[in-house]
Amino acid sequence: MIDIRDVSKTFLLHNQGDAAIPVMQGATLAVECGECVALIGASGAGKSTLMRMIYGNYLAASGVIMVGETDVAAAQPREILELRRSVLGYVSQFLRVVPRVPTLDVVMEPLLATGTPVEQARARADELLTRLNIPQTLWGLSPTTFSGGEQQRVNIARGFAYDYPALLLDEPTASLDAANRETVLSLIEEAKARGAAIIGIFHDETARERVCDRVVDVSAFTPKAVA
Ligand SMILES: Nc1ncnc2c1ncn2[C@@H]1O[C@H](COP(=O)(O)OP(=O)(O)OP(=O)(O)O)[C@@H](O)[C@H]1O
């Protein structure tokens, strides 16, 4: 489902005379449907950079990043937006939403955007917000004023609302309490069971061991000259 071949990345530092910093070379990794792969490696090894290239936020310098039928490394911006709408989800720790949109609408949006009937979208949003312990009194309010933990859980509810065939998870259990962490791990297991291909960064080792089938150390993709 996700097939990354020989991907490289060089950052150009425009404020430093366009100095070129190679940070990745020969990154190769494939993830099947129903499989969860953890990216590991020391701080600065390139885990976030690889995730951002897969999501299309960073442009790869070379290589192929197939997500379903789309090569993200070569795709036009509108193809990437379409991929994000119906194929590739991304769950980070941080919620980025349009101000003044109620929590329920924030969670339902990915479902409505893919043509789910409104009653079904509402039922899924109710289920997720309940499982993630967001009090019903908050559902009609914008999450912009919620606590950090509440925002994180709204973000997780939104990220798991639609059944994306591929998912990127960036520290999804970071700073959650035990009960909510357990819910997130169950959501990941449910996504795997329905066949999602998942790549994640998990500093929480117990979580990683429980939900991930294997780990890939991105240090192996550090260019030799800077290793
Ligand atoms: N926008 C950027 N411009 C220049 N260099 C960058 C940029 N983003 C990342 N880097 C560099 O690329 C390398 C990989 O960084 P990255 O954030 O991917 O590491 P990481 O493995 O996710 O680290 P951490 O575990 O600390 O989050 C680092 O040397 C970093 O300094």
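**Helix packing, sheets and ligand shell in the predicted model**

The axes of helix H3 (residues 103–112) and helix H4 (residues 118–131) come within 9 Å of each other and cross at roughly 130 degrees. H3 is therefore oblique to H4, where angles under 35 degrees count as roughly parallel, over 145 as roughly antiparallel, 65 to 115 as roughly perpendicular and the rest as oblique. Axes are lines fitted to C-alpha atoms, for helices over the stretch in contact, and angles run from 0 to 180 degrees between N-to-C directions. Helices (H or I, at least four residues) and strands (E, at least two) are DSSP runs, numbered from the N terminus. The structure is a predicted model, in which local features need pLDDT of at least 70 and side-chain atom pairs count only at pLDDT 80 or more, while totals for chains, interfaces and linings use all residues. Residues are numbered from 1 along each chain as its sequence is written.

The crossing of H3 with H4 is right-handed; a crossing is left-handed if the near helix is turned anticlockwise from the far one by less than a right angle, and right-handed if clockwise. On the H3 side, Leu104, Val107, Met108, Leu111 and Leu112 meet Val118, Ala121, Arg122, Arg124, Ala125, Leu128 and Leu129 of H4, two residues being in contact if their C-beta atoms, placed from the backbone, lie within 7 Å. This contact of H3 with H4 comprises 10 nonpolar, no polar and 2 charged residues. In this classification Ala, Val, Leu, Ile, Met, Phe, Trp, Tyr, Cys and Pro count as nonpolar, Asp, Glu, Lys and Arg as charged, and the others, Gly among them, as polar.

H3 also packs against helix H5 (residues 148–161), at an angle of about 25 degrees and with the axes 7 Å apart. H3 and H5 are therefore roughly parallel to each other, and their crossing is right-handed. Thr103, Val106, Val107, Met108, Pro110 and Leu111 of H3 make the contact with Val154, Ala157, Arg158 and Ala161 of H5. The residues of the contact of H3 with H5 divide into 8 nonpolar, 1 polar and 1 charged.

H4 and H5 in turn pack at about 140 degrees, with their axes 9 Å apart, and H4 is therefore oblique to H5. The crossing of H4 and H5 is right-handed. It involves Arg124, Ala125, Leu128 and Leu129 of H4 together with Ala157, Phe160 and Ala161 of H5. By class, the contact of H4 with H5 holds 6 nonpolar residues, no polar residue and 1 charged residue.

An open antiparallel sheet is formed by 4 strands in the order E2-E1-E4-E5; two strands pair if DSSP finds at least two bridges between them. Its edge strands, each pairing on one side only, are E2 and strand E5 (70–71). Strand E1 (residues 2–13) and E2 are joined in the antiparallel sense over 9 bridges, and Ile2 has Val31 in E2 as its bridge partner. Helix H1 packs on this sheet, touching E1, E2 and strand E4 (62–67), with its direction at about 70 degrees to that of E2. E1 and E2 form a hairpin with 5 residues between them, and Gly17 in the turn has a positive phi of about 60 degrees. Phe11 stands opposite Ile21 in E2.

A further open sheet contains 5 strands paired in parallel, in the order E6-E7-E8-E3-E9. Strand E6 (88–91) and strand E9 (214–217) are the edge strands, each pairing on one side only. Neighbouring strands of this sheet are turned by 20 degrees against each other on average, direction ignored. Strand E7 (residues 166–170) and strand E8 (residues 197–201) run parallel and are joined by 5 bridges, with Ile201 in E8 as the bridge partner of Asp170. Helix H6 (residues 178–193) lies across strand E3 (36–40), E7 and E8, running at about 150 degrees to E8.

The ligand is surrounded by Phe11, Ile21, Val23, Gly41, Ser43, Gly44, Ala45, Gly46, Lys47, Ser48 and Thr49; a residue is near a molecule if its C-beta atom, placed from the backbone, lies within 6 Å of it. Strand E2 (19–31) and helix H1 (47–55) are the elements that give two or more residues to this shell. H1 gives the most, with 3 residues. By class, the shell around the ligand has 4 nonpolar, 6 polar and 1 charged residues.
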